[in-house]
2 protein chains.
Amino acid sequence: MPWLKNLIKISKTISNQSSSYNKSITPLASPLLTQFLQFTKQYSTNHHVVGLEATKSDQKPRIVVLGSGWAGCRLMKDIDTNIYDVVCVSPRNHMVFTPLLASTCVGTLEFRSVAEPIGRIQPAVSTQPTSYFFLANCNAIDFDNHMIQCQTVTEGVETLEPWNFNVSYDKLVIASGAHALTFGIKGVNEHATFLREVHHAQEIRRKLLLNLMLSDVPGVSEEEKRRLLHCVVVGGGPTGVEFSGELSDFILKDVHQRYAHVKDYIHVTLIEANEILSSFDDRLRVYATKQLTKSGVRLVRGLVQDVQPEKIILSDGTNVPYGLLVWSTGVGPSPFVNSLDIPKAKGRIGIDEWLRVPSVQDVYSIGDCSGFLESTGRQVLPALAQVAERQGKYLASLLNKVGKEGGGHANCAQNINLGDPFVYKHLGSMATIGRYKALVDLRESKDAKGVSLAGFTSFFVWRSAYLTRVVSWRNKLYVLINWLTTLVFGRDISRI
Amino acid sequence: MPWLKNLIKISKTISNQSSSYNKSITPLASPLLTQFLQFTKQYSTNHHVVGLEATKSDQKPRIVVLGSGWAGCRLMKDIDTNIYDVVCVSPRNHMVFTPLLASTCVGTLEFRSVAEPIGRIQPAVSTQPTSYFFLANCNAIDFDNHMIQCQTVTEGVETLEPWNFNVSYDKLVIASGAHALTFGIKGVNEHATFLREVHHAQEIRRKLLLNLMLSDVPGVSEEEKRRLLHCVVVGGGPTGVEFSGELSDFILKDVHQRYAHVKDYIHVTLIEANEILSSFDDRLRVYATKQLTKSGVRLVRGLVQDVQPEKIILSDGTNVPYGLLVWSTGVGPSPFVNSLDIPKAKGRIGIDEWLRVPSVQDVYSIGDCSGFLESTGRQVLPALAQVAERQGKYLASLLNKVGKEGGGHANCAQNINLGDPFVYKHLGSMATIGRYKALVDLRESKDAKGVSLAGFTSFFVWRSAYLTRVVSWRNKLYVLINWLTTLVFGRDISRI
């Protein structure tokens, strides 16, 4: 078990550190802890690693959920907390309502309207005495001993170094998501902004407003002004297209009104290696291309080769100067998933039809980090919110059933009938393209026939559909009010 | 003129830098610029400093406003843009509605509800061709030549170094505000957070939520948990008291519900060297003390001597460990005001009864950065929003009158009758103290008699009064909705 060796190393480092730091991480002097220390002693002596020990048969079994995205949050929402304790381990304390994230970059929606705190999705983690939310990353899993190793996220606190702790699980749900793909292109991580988290959207908004203001200050050349206000989006999937649409709306409505001095300098370019919106119906794709072009978005077919601080270089040698670069070329396996020594499916954690990781006991995986094993005869599902959410819902009901039948504790579910396997039925795809227009593609798959819509009706369907999906009533209200105030007063341009 | 020497130094540095940088700041090739370069040549040769040249007699006169606080924004709002061009120079593009800022730290209100973009307050700066908002700091003023020297704020853009530019004025209004006082105590700037800007409130909120989450992770000692969750407020003026009240509300309502595991560890301590709310009526002060104590705020009479990363040390030797330290001990002159070579009043820019800086032509000063000269026989007014706002309003009407009578251009207002001098009448003071209670003191001065209220009625008066004062309809709506949703759903606890 290599991770245990690391654990020992880390613990030793900790015990060698200054006394004031030791003070801050001395273990809780509780009977629970004493038991836990005895439990961990079998792995290593003379160091302190604390955490949650294994549950006893007279205690509620513990479900540990890694991640707080669509999959993990839907699971937590539906888990029966009368049967299980829930422990969520994630580096962020909220779920992001990703389909509306692009709208927050330009102020159509506010950041908090698309963020749902975990405690609002599953109140047990904050109110039940033995359910928890831990702001941490999981670094390693000891499948044999039903235990994970975590490290806290202390970014923002100067006085605390991150520390390690262990959590024993009865059931483990790996829903830690995927990472943005950069295809190894140099400079992407340094100079581009992704669009996956709220802090990405905040960064984009701050940069955009700063560039708008700086380009209006005396002393900026014409060329530099054009560069500062050139917004380049790489990746023509729904996120890239929606962001381009939102940007062009922002330019046509708000920049023309509120940054009149520089309105003729701002431009949007969308770079895609293949077709934009490749998963959509041909007719919709043509419509989207026409609409985006009409709104002033320049569509460029090209392959990015190098990203530099002020320009990107395409494979045909073209230089594209930019002031804002948003990178949205899909997702791939995260370093954490890569580090796990279990069978994979296209780099993702391999699962069976019941979303279990078949090689180990009591471990499940859902969302973008998992994919059906080849042995299931099924295709790896696309990395979509609706797949993740449906899997979370299915797995919650499966685990509730297992728990009700007495299989909640570790190694106790072998003889329980799991019921029907998970079946995914695609409900369709949607994307806005700006100017109160959207695409709705209700075909079940790329090659199937079915209804597809484009235009204002689709836009209305898009907004209504997402409004009903926003998790909490509080955020439903805020999304609605944000939309109304944007319509009446325009977008908010304070750079805070 | 020492600033001109500096200017030359800076310009020389710039012209020695790499060619790619030079490219980005080459001057605009316009006839205006040519004239300006000729104009600046009289000060220095062989370098390029660009900017706005002096207006001609057939052009609109230009008012330059330094700062975007209560004083500057009220002035800009009321300035007649048919008479004047307005140029605002400020390091932030919005006004902060400071009386409600404390509420944003714990999520009672959202950050954007208390920030008003300058372009919403005075649309001319973004729509009129010769009015501007410049995101910059003013570094020096050449009173003789009616010109200011500015430097852009480029924090957040890696590819641009800050650059200098000049702006000529016909009328200059210095409303650049004051700086937080630290009394030279070591460690305040490094470890404490002030509460004057939106980014301060954001920092406090992020820190508070992080500490709440970290203290719930296994491996934190009891002592460390108590430290992390000890919120210390230094300064018992209205800001310190209101923030303490908001914090105790947050603890009693939201922490008890949403951070139930650690609710018994969180405490608030308010440290004040003298009496809290010293400007308020005795009866109100007693009431506030009683209410705050009842809400769990520990009031400590003490003098801070040293601020260290994890604790503060009082003058009597007491160590106070803290997880969050908010510093709010009043304001004093800023380095910029100190650098100006003009007569001062208690360190502030000395002004006469018409808010003019009497030693120079066409310069006015309002808000926290200015004070009546001793020769006026008046007292320096307190650094309050209502003083600043009233001065802004008065000065706008004075300048509108001057402009209408043909005195708008530089050196043209000597023979114009300025009308009545500025007279300040204190309308009273208000402060919330948490738990839907507030203080309203309607006495004209500290020693006068008059009405004073405390309790829920005052709270209602407080909220109504401020709601009507919020500048835009958009933000009025958002403040109202924030209050309602906080009441119904509780405060938002996503750490974004």
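1. The charged end of B:Lys225 sits over the ring of B:Tyr265, 4.7 Å from the ring centre. B:Arg378 lies over the face of B:Phe372, at 5.0 Å from the ring centre. Keep in mind that this is a predicted model.

2. Symmetry. A rotation of 180° with 0.0 Å of shift along its axis superposes chain B on chain A, with an RMSD of 0.0 Å. The two copies are thus related as by a two-fold rotation axis. Both copies use the same surface: 100% of the contact residues of chain B recur in chain A.

3. B:Ile496. This residue belongs to the segment after α16 of chain B. B:Ile496 counts as buried because its relative accessible area is 12%, under the 20% cut-off. Which residues does B:Ile496 contact, leaving aside its neighbours within four places in sequence? From chain A come A:His94, A:Phe111, A:Arg112, A:Ala115, A:Val198 and A:Gln202; from chain B comes B:Arg206. The C-alpha atoms of B:Ile496 and B:Gln379 are separated by 45 Å, and the two residues are 117 residues apart along the chain.

4. Helix α12 of chain B. The 13 residues of α12(B) reach 18 Å from first C-alpha to last, close to the 18 Å expected at 1.5 Å a residue. Its buried residues are B:Leu284, B:Arg285, B:Ala288, B:Gln291 and B:Leu292. Seen down the axis of α12(B), they fall within an arc of 130°, so they line one face of the helix. An α-helix has 3.6 residues a turn, so residues three or four places apart point the same way. The face of α12(B) turned away from the buried side carries the exposed residues B:Val286, B:Lys290 and B:Lys294. Packing partners of the buried residues are α11, β12 (267–272), β13 (297–301), β23, β24 and β25 of chain B. Just after α12(B), B:Gly296 takes a positive phi of about 100°.

5. B:Gln291 within that helix. B:Gln291 is found in α12, residues 282–294 of chain B. Is B:Gln291 buried or exposed? At 7% relative accessibility, B:Gln291 counts as buried. Not counting residues up to four places away in sequence, B:Gln291 touches B:Ile433 and B:Lys437.

6. Helix α15 of chain B. At 1.5 Å a residue, the 14 residues of α15 (456–469) should span 20 Å; the end C-alpha atoms are 20 Å apart, which agrees. Buried here are B:Ser458, B:Phe459, B:Trp462, B:Arg463, B:Tyr466 and B:Leu467. These residues cover an arc of only 165° around the axis, which puts them on the same side of α15(B). On the other side, B:Thr457, B:Phe460 and B:Thr468 are exposed. The buried residues of α15(B) pack against α5 (101–104), α11 (238–258), β23 (429–434), β24 (437–441), β25 (452–455) and α16 (473–489) of chain B.

7. Aromatic pairs. A search of the whole structure finds 19 aromatic pairs over all chains. One of them, A:Tyr436 with A:Phe459, is edge-to-face: 5.3 Å centre to centre, 85° between the planes. The pair links distant parts of the chain, 23 residues apart. A:Tyr436 lies in the loop between β23 and β24 of chain A, and A:Phe459 in helix α15 of chain A. A:Tyr436 is partly exposed, at 37% relative accessible area, whereas A:Phe459 is buried, at 9%.

8. Aromatic cluster. A:Trp70, A:Phe97, A:Tyr436, A:Phe456, A:Phe459, A:Trp462, A:Tyr466 and A:Trp483 form one aromatic cluster.

Key: Residues are numbered from 1 along each chain as its sequence is written. Chains are lettered from A and ligands numbered from 1 in the order in which they are written. This is a predicted model: local features need pLDDT of at least 70, side-chain atom pairs count only at pLDDT 80 or more; totals for chains, interfaces and linings use all residues. Side-chain values use heavy atoms; hydrogens and water are left out. Helices (H or I, at least four residues) and strands (E, at least two) are DSSP runs, numbered from the N terminus. The expected span of a helix is 1.5 Å times one less than its number of residues. Buried means under 20% relative accessible area, exposed over 50%, partly exposed in between (1.4 Å probe, protein chains only). The arc is that of the directions from the helix axis to the C-beta atoms. Contact means heavy atoms within 4.5 Å. Rings of Phe, Tyr and Trp (its six-membered ring) pair if their centres lie within 6.5 Å; planes under 30 degrees apart count as stacked, over 60 as edge-to-face and the rest as tilted. A charge sits over a ring if NZ of Lys or CZ of Arg is within 6 Å of the ring centre and within 35 degrees of the ring normal. Copies are superposed by least squares on the C-alpha atoms of residues with pLDDT of at least 70 in both.
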